[in-house]
Amino acid sequence: MKEKLFNAVEAEKENLFALIQKLIQIKSYSGEEKEIVEFIVSKMQEYGFDEAFHDGFGNAIGRIGNGPIKIMFDAHVDTVKVTDTETWAHPPFGGVIENGKMFGRGVVDEKPAMAGFMIAGKVLKAIYGNDFPFTLYVVGSVLEEDADGYPLYHIIANEGIKPDFVVLGEPTDLKVYRGQRGRMELKITVTGKSAHGAHNQKGINAIYKMQPIISDIEKLDKKLKPKQPLGKGSITVSQIVSKAPSVCSVSDFCEIHLDRRMTIGENKNSVVKELKAIIKKHKSDAKISIPNVEGTSWKGTKFSQEAYFPTWVYDEKHPLVDAAMRTSKEAIGKAKSGVWSFSTNGVATAGHFGIPTIGFAPGKEELAHSSKEELILEDLLKATKFYSLFPFELIERIK
Ligand SMILES: [Zn+2]
């Protein structure tokens, strides 16, 4: 079976490379994915997927098979913007190929997986027709860069598609990634009492009230303990805002915005508790809140979600991870596991819904969002072999 699949993928090599090139040439900034989603849907129809459509949020969804185990392959098809064209060695939307590598915005984060998933689907349909022990959903999700997790949250909560297992196409450099640190945003607000700068003793300065809290947050960051394999969490003051009736007055309002990365054992409650302890120590009346992430998809669908994205990680012995490691050995001759530093749609599938999730894709995570994004085309071919075989290895493993 393995040989048959891999040979069929090899035979699609030129189509695969042309497809990734086309996906790079279609600019698809977050919230502007209409063209790429419509292209993906029409291609999935052409490839013989049993169903292909865009959902109420604007995600592209294709389905193959009708078996009892539901597997979801997800690649977000939005990218961050290019704001530094002059630092790119190749045009960011050219899809230029040189010495076996492709360059452009999205060749790492994370269009190659989308091309690989689609060609794997085409090959599966061509070989097996309608006879699958699984249902495979291939998702091209939108707005991930602005709202990690939300596109898949939408599919599960609002579209009635609940997978049993998920494979993400975020860059893993052909390793099996099995978790990520969580993240959340918080705000701390203090109020003071305004007074004329010439009579400042009559006021209470909100900035001075915030100062010891900021200083303790800086110390807290250094005290956070690592937990393997995810390493240590972090806390960062990302923004500070203050108000005063004029620049000649005592400030009566100060607010800081925090970015918190969470390792194993850290969650919303523990993070808020740490901050409450700091506030209590300074006998402050500062208030903590968790902001909402809000936006509108290309389809005009509005969303709002709390800026809390839970940590998730699976053991190497977990059946999903194990099946992926076996598939990796078959497809590329070796298998290594790892975790992401950044956040992914797994915060919804694994973090929120507890659905076992892993990732496997070409490309180095540290090149994401940079002008150095590059794809080794042969790695995409290897990943596509992995995608074509993986559903069978998983079914075999969980029997
Ligand atoms: Zn990504």
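The following questions and answers concern a predicted model.

Student: How far is Ser215 from Glu378?

Tutor: Their C-alpha atoms are separated by 49 Å, and the two residues are 163 apart along the chain.

Student: What makes strand 4 and strand 19 edge strands?

Tutor: Three strands form an open sheet in the order 4-5-19, with antiparallel pairing. Strand 4 (97–98) and strand 19 (374–376) each have a single partner strand, so one side of each is left without a neighbour in the sheet.

Student: Which helix lies across strand 5 and strand 19?

Tutor: Helix 10, residues 377–398, lies across them and runs at about 65 degrees to strand 19.

Student: Which residues touch the most other members of the largest nonpolar core?

Tutor: The core has 108 residues, and those with the most contacts to other members are Ile20, Met114, Ala115, Phe117, Met118 and Ala324. Helix 10 gives the most to this core, with 10 residues. At least three residues come from each of domain 1 (2–180 + 311–398) and domain 2 (182–295).

Student: What does Phe117 touch?

Tutor: Leaving out residues up to four places away in sequence, Phe117 touches Phe73, Ala75, Val138, Gly169 and Tyr387.

Student: What makes both faces of strand 7 count as covered?

Tutor: In a regular strand the side chains alternate between the two faces of the sheet. In strand 7 (residues 165–168), Phe165 and Val167 are on one side, and Val166 and Leu168 are on the other. These residues are all buried, and both faces are covered.

Student: How do you know that strand 7 pairs with strand 3 and with strand 18?

Tutor: The condition is again at least two bridges. Four bridges join strand 3 (residues 69–76) to strand 7, and three bridges join strand 7 to strand 18 (residues 357–359). Both counts therefore meet the condition. Strand 7 runs parallel to strand 3 and parallel to strand 18. Ile71 has Phe165 as its bridge partner in strand 7, and Leu168 stands opposite Gly359 in strand 18.

Definitions and conventions. Residues numbered from 1 in each chain as written. Predicted model: local features only at pLDDT ≥ 70, side-chain atom pairs only at ≥ 80, totals over all residues. Helix = DSSP H or I, 4+ residues; strand = E, 2+ residues; numbered from the N terminus. Contact = placed C-beta atoms within 7 Å. Axes fitted to C-alpha atoms, helices over the stretch in contact; angles between N-to-C directions. Core = buried A, V, L, I, M, F, W, Y, C linked by C-beta atoms within 7 Å. Buried ≥ 20, exposed ≤ 12 C-beta atoms within 10 Å, placed from the backbone. Domains from an automatic or database assignment.
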